[in-house]
Amino acid sequence: MPLLFAHSLEDHPESEWEELGAHLRAVASRAEAFATAFEAGEWGRLAGLWHDLGKARPEFQERLRGSGEAVEHAGVGAALAYSKDKLAGLPLAFAIAGHHAGLADPASSVEGGGPKPLRDRLKENAPWLNQLSSDLPPGLAALGLPPLPPRFGDAKDREATARSLELWTRFLFSTLVDADFLATEEFYSPGKRSAVGEYDPIPTLRHRLELDLAEFVGRLSPERRDSPINRRRAEVLEACRAKAEQAPGLFSLTVPTGGGKTLSAMAFALRHAERWALRRVIVAIPFTTIIEQNAKVYADILGERNVLEHHSALDPLAAEERNREAELRRRLAAENWDAPVVVTTNVQLFESLFASSPSRCRKLHRIARSVILLDEAQTLPIPYLLTVLDVLRELVEHYGCSVVLTTATQPALARRESLPQGLSGVQEIVPAPAELARELRRVRPVWPADGEPPLPYAELALRLLGHEQALAVVHLRRDARTLAELLPAEGTFHLSALMCPAHRSKRLAQVRERLKHGDPCRLVSTQLIEAGVDIDFPVVYRCLGGLDSLAQAAGRCNREGRLLPRLGEVVFFRAETAPPPGIPRHGLAVVEEMLRELGGALDLDDPALYELYFRKLHFRCEKDPAGIQALRQELRFASVARKFRLIEDSTEAIVVPYGEAGERLAAVRRDGPDRLLMRALQPFVINLRRHTVSKLRTAGVLETVVDGVDTLTPAFWHLYDDRFGLSADDDPRPDPASYVV
């Protein structure tokens, strides 16, 4: 009886081993090509050739003929790899066994569920491997394993070697998953991937950026072109061009706000990629509040087709309305990051590197031989710092990457006695960052006196009323609301995470318009305004906190240098409330300590000050509290994926009644939780702590639309208003107008 082979139960043409072999060879060819980027081509080929051998099992054949019995097929190829060599075959076994279910732990199930442990899969499939071995074509059965890369034989540091093997296994897994996805897509939808189209090569993009920069300078008047700020920006750009000739490695770009970092960093990246034949540029940004503006800058210059924007805050329905073809291209490119320029978030980049699911890991092999620009590098999460630094070092040493740490406040990541896991050999791109910072100084900080008590919000409100345009940044959401309510509604704006992303975007657009036209504008915000948001106030009040946060707040003052030669004023004060626990509270304690040690004032333009601050902060904080490095050393892939979460999972998302949220919720009710519709809800989501969500459910404030999607019931829509967003009071009451008489 001929073997059946199919990608699904809906379509199962009869075929012999030749047809199955054709599929295996197609996947193997792709996986081999992908894996050559990190010198593992032969391993990728074997993963492709062996991944679907279990489809020859009689039970699987009966399933294809309609038995309906569930039969897994990935374990046979995993067992074959492991039977060849229990050490060298382990990466292949993990990758093959997980190409549908995800990477598993070796010997025990993950708390709360997850893939079956690899040990169990191998044990269950060993008999089927023995049964099928005589039927396997000789070309498949007789293949041997190539030697593992020499670094995995290093017995000097077994723990580091194990972590290196763990990352290599992830990349190998990525090549197989992407190759299998693409082969399946081509089987069912021939030509679908052609919608992505051809990308322009890196040299073309580099030339396009250089041309745009030259045209921009040419449009400036001689006076503006020769202004101190533009002279310094030109020096930064030239330093980036020159340093791009250096061999791939670790770099830092220390440039203060307004120094032209966004485009200068891209100029370095494209020139460096062209010089050293690197494949793409990946820009990782910590905050979705600025990713769209940066992605648009790059797309306008390099061409929309060449720039992939990939993050959770994208509105796919709005994008589809603007340009359906472009949004289809973007979605396809986002699946495996094959665009030459990828603009994404730290969450997407790092959580993918430590994920276990096939869809999240699919893109990993595309990271090899890339230039990685880590924007606002001071935001690298301290509780995951050892893991992040470890993977950055591996990417540079073994995957052909260059990493650029770009920020005004470098976070002291160099290797030292107190941080032996730190980075070595980081090259600074700008020759004299301290001098550059002094020359680009735009603000005069005012520090509270030693022992000065907290500034009451009532008094702060009076001070804000003394300015036509001013920004106040406070610790907590409730602080922002308290202060905003003390100010007249006319000309006062509020910004916090209790407003959904679409609401915050609209509010920021209104604020920019008022600032542009000189209208009265007082903005009260939590520190989310500091996340690289392009906004410019003449006066900023900021409660004391971590030094990097204080510098970010100062970056919202006189940002464009419009007041020069006069400096903007940044007033720091002690708040009535403490910052949130954890890093923010530790950061405040370190700043208070430094103020006492350094005479009551800190020079925000001195890069050495941030080195001191981060050293003190790192000393106070745990840098791997979840024990992720130990889990990686044990190849516990599923456990690592569960533990590595840059965004705390102590919150739950709810959809609020703002803008088009109602229409999109109605579509979810009607059509079910389609992936596109679920993504389309993201601009209208806020995150609340679980205990708050529980209380709101108990009070009848929330209703479940579909599993995983909660929203306000109509009787409580009034809890979300245009000025403050959600008001989550302890005793929420329904709108009296909602009662039916």
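This is a predicted model: local features need pLDDT of at least 70, side-chain atom pairs count only at pLDDT 80 or more; totals for chains, interfaces and linings use all residues.
Strand β9, residues 469-473, and strand β11, residues 521-525, are joined by five bridges and run parallel. Which strands make up the open sheet around them? There are six, in the order β8-β13-β12-β9-β11-β10, and their pairing is parallel. At the edges you will find β8 (443-446) and β10 (492-495); each has a single partner strand, so one side of each is left without a neighbour in the sheet. From one strand to the next, the twist averages 15°.

There is a helix to look at here too. Helix α20, residues 457-465, lies across β9, β11, β12 (539-543) and β13 (568-573), and runs at about 170° to β12.

Let's move on to β1, residues 250-254. Is this strand mostly covered or mostly open? Mostly covered: five of its five residues are buried. In a regular strand, side chains alternate between the two faces of the sheet. In β1, Leu250, Ser252 and Thr254 are on one side, Phe251 and Leu253 are on the other, and all of these are buried, so both faces are covered.

As for partners, β1 runs parallel to strand β6 (residues 402-407), with five bridges joining them, and leucine 250 stands opposite valine 403 in β6. β1 also pairs with strand β7 (residues 427-428) in the parallel sense, over two bridges. There, phenylalanine 251 stands opposite glutamine 427.

Thanks, and I'm happy to take questions!

Methods:
Residues are numbered from 1 along each chain as its sequence is written. Side-chain values use heavy atoms; hydrogens and water are left out. Buried means under 20% relative accessible area, exposed over 50%, partly exposed in between (1.4 Å probe, protein chains only). Helices (H or I, at least four residues) and strands (E, at least two) are DSSP runs, numbered from the N terminus. Two strands pair if DSSP finds at least two bridges between them. Axes are lines fitted to C-alpha atoms, for helices over the stretch in contact, and angles run from 0 to 180 degrees between N-to-C directions. Contact means heavy atoms within 4.5 Å.
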